[in-house]
Amino acid sequence: MPTTKQAVALVDKRPFFEKALSHGVKHGLITAEKCNAIIADGAKGTVQVAAHFGTSHLQVELENARKRIVTLVSLFLEDSSGGDLDRAAQSLQENSFLFHSRSGNDMLKKLHAMPETTISGDMKSQSLMDFQNERTLLKPYGLATYRKELKRRQEAAAVIAAAHWFCDDLRVPHQALDFLAVESVIRSAILARYCGFDQAPNHAEFARLVTTVRNKAPAGGKLRIAKAVLDDVPDEHHAIADEIRRDIEKQDGPLILNPARALDVVLNIIESRYFLRDADLDDIDSFAGFVSEQWQAATKGKDDPYSRLTMFMCLATGMKPKTVLTDTEARAMVRHVRKDGFDSAAVAAFINQAAPFEIKDNLLALWDDEFLPEARERILDESDVSLQRAMMFMTDNLNVKAKRKSGK
């Protein structure tokens, strides 16, 4: 019998950090001095991580911390290098081990801050610490899984951003969407535009819109909403709105145009897919129930965590609250904190006095639990004489305008 040759494929299941380190040492890309520095930094970082999640005195906790920190370093290294071992090894040679672990942690923090669903104002399913615990040890993120989840959350954030644009177009406060699927306001806006209506409908007006659609469509025909109804929608929101426009045609059109279904039956089926305003939603007293005048004036309607933290940082450093900083203002804040510390009492007082009741606890947690501990570590780092790392932290977590280059 002829001999069949079979090739054996080797699968390297080591963390990407270990692959990059071995590759760098083997090919002379990482020096012995750097290896010693990595070992020292790894030991220091392991103790810090163990203390963060429990205790640094138990062997099992130290071993878990080692796994966590390798996961963080691997995640950042593979993402930043594109999987190229030469580039990853060069990064290990040029940057500290703790820089890589913190960068990996920053990736997790930014992911956690993004919306998990298109439910506006939805509560996080996990605290930041629980999320870090799961994704560094219990169910650690590989790069492919991380990017898949990042894409999903980016898409959710894009839908929410589009919905907020349509809220503004319909004169609906963003807070009116809290705990609702935000696609509903886009559906209402498209149907309203198709019927020549310029605001979000209430229940009675929605019934008239559906009746208008029935009367407007050709007998026996299909619902066709012209693409032109979305001509003024910004490019970044257009694809999302157009997909919902097509979904209205496909899902709701046959129901609305079916003469065998009574109007009340059709409304009962499709009404939950649309945003309907209360009859007194435009009343100033009702709007004040969603957002206080002081809060609205400070936030300018922005409700993302970066804008909120920028405003809180202003309060903590004696500045008038605003949602965007210049580079110069950010540097002045760093110097102020190094001299006088954070005035967290001012932040808490403003939140308790001005913020909508429903989100006060979340805002206090955003400042006290998620932002402040790392801010103290990064901004008060006395070894950062040039403020480079402090400014990197400020830019990553707040809205800081990039400094203009001379001649531009």
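I began with the lining of the second largest pocket, where helix H5 gives the most, with seven residues; helices here are DSSP runs of H or I of at least four residues, and strands are E runs of at least two, numbered from the N terminus. I note that this is a predicted model, in which local features need pLDDT of at least 70 and side-chain atom pairs count only at pLDDT 80 or more, while totals for chains, interfaces and linings use all residues. I also note that residues are numbered from 1 along each chain as its sequence is written, and that side-chain values use heavy atoms, with hydrogens and water left out.

**The second largest pocket**

I looked up the space in this pocket and found about 550 Å³. Of the 20 residues that line the second largest pocket, Phe99, Arg102, Arg378, Arg389 and Met392 are the closest to its centre. Two or more lining residues come from each of helix H5 (97–113), helix H17 (360–379) and helix H18 (388–397). Sorted by class, the lining of the second largest pocket has six nonpolar, five polar and nine charged residues; Ala, Val, Leu, Ile, Met, Phe, Trp, Tyr, Cys and Pro count as nonpolar, Asp, Glu, Lys and Arg as charged, and the others, Gly among them, as polar.

For the terms, I wrote down that on a 1 Å grid over the protein atoms alone a cavity is a set of points where a 1.4 Å probe fits but cannot get out, that a pocket is an open set with protein on both sides within 12 Å along at least five of seven lines, and that lining residues have an atom within 4 Å of a point. Grid points are joined across faces, edges and corners, and a volume is the space filled by probe spheres set on the points.

**The largest cavity**

I then turned to cavities and found one of 30 Å³ or more in the structure. The largest cavity has a volume of about 30 Å³, and its lining is made of Gln175, Trp295, Gln296, Thr299, Gly301, Lys302, Asp303 and Arg308. Helix H13 (residues 293–299) gives the most to this lining, with three residues.

**Rings**

I counted 10 aromatic pairs, taking rings of Phe, Tyr and Trp (its six-membered ring) as paired if their centres lie within 6.5 Å, with planes under 30 degrees apart counted as stacked, over 60 as edge-to-face and the rest as tilted. Because Phe76 lies in helix H3 (residues 59–81) and Phe99 in helix H5, the pair ties together parts that are 23 residues apart in sequence. Phe76 counts as buried at 16% relative accessibility, whereas Phe99, at 29%, is partly exposed; buried means under 20% relative accessible area, exposed over 50%, and partly exposed in between (1.4 Å probe, protein chains only).

I also found ring pairs that link Phe312, Phe342, Trp367, Phe371 and Phe393 into a cluster.

**Asp242 and the whole chain**

I placed Asp242 in helix H10 (residues 235–256), where its relative accessibility of 11% counts as buried. Leaving aside residues up to four places away in sequence, Asp242 touches Lys227 and Leu230, contact meaning heavy atoms within 4.5 Å.

For the protein as a whole, I noted 18 helices and zero strands, and 42% of its 408 residues count as buried.
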